[in-house]
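Biologist: I am new to this structure and would like to learn how its features are read. Could we take them one at a time?

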Amino acid sequence: MNYHYMFTINSQPPVNCAKSNDQTFGWGPKNGYIYQKGYIEFFVRSKDAKIIIAKLADYPILSYTLSNKTGSDCYTNYKKNSSIALTWGVFPGREILQPTIADYKTFLIWKDEAFALWSEKWGKIYEDGSDSRKVLNDIVDDLYLICLVDNDYVSGNVLWEFLDKVMNENDTDFKPGNCLNQKNQHDILF
């Protein structure tokens, strides 16, 4: 995905009924079962965010939230004041445990932190006013943060089918090879 200018920051695969002692996905008390929905969070250029938004209409099983840096351009299909379970466990003699959720309000708070990483962590590597700092600021100002959740944790392929379609069925928007001859590094990304 990173090759296609979709800069991933967090993800998890779907899991349907893994034992709680599973080496990879297990957690919690003995003799339990683990479930999780596949999801991914990533940054993408604004022009590519528009393509993703248009294609999401064909994938109603996906829940999504995306926003630009300022929050002035946000999209979501979450129901108002609702949360989506991302990970849960079922254990003998206990209520269902749900340690990981996604919701719109939390996304907006996280969005601010995620964008701050670009300017407050990476940006400070470069001197204020330097060409490198300007390029980084231009990049950040153009990005959107996107969170996609595949609600079909049983089949678990819709999210990856969607992303594959977005990356491979668009003319040249997600194919970086066509701009490698640009002289200006900034032009490579935008």
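Biologist: Which element gives the most to the lining of the largest pocket?

Modeller: This is a predicted model, in which local features need pLDDT of at least 70 and side-chain atom pairs count only at pLDDT 80 or more, while totals for chains, interfaces and linings use all residues. Residues are numbered from 1 along each chain as its sequence is written, and side-chain values use heavy atoms, with hydrogens and water left out. A pocket is an open set of points on a 1 Å grid over the protein atoms alone, where a 1.4 Å probe fits, with protein on both sides within 12 Å along at least five of seven lines; lining residues have an atom within 4 Å of a point. Strands (E, at least two residues) and helices (H or I, at least four) are DSSP runs, numbered from the N terminus. Here, strand E8 gives the most, with four residues.

Biologist: Which residues lie nearest the centre of the largest pocket?

Modeller: Of its 13 lining residues, Glu41, Ile101, Ala102, Thr106 and Trp110 lie nearest the centre. Strand E4 (39-45), strand E8 (97-103) and helix H2 (104-122) are the elements that each give two or more residues to this lining.

Biologist: Is Ser20 buried or exposed?

Modeller: Buried means under 20% relative accessible area, exposed over 50%, and partly exposed in between, with a 1.4 Å probe and protein chains only. Ser20, in the loop between strand E2 (15-19) and strand E3 (33-36), counts as buried because its relative accessibility is 8%. A polar atom of the Ser20 side chain lies 2.7 Å from the backbone oxygen of Pro29.

Terms used
Polar contact = N/O pair within 3.5 Å; in protein donor to acceptor, adjacent residues only side chain to side chain.
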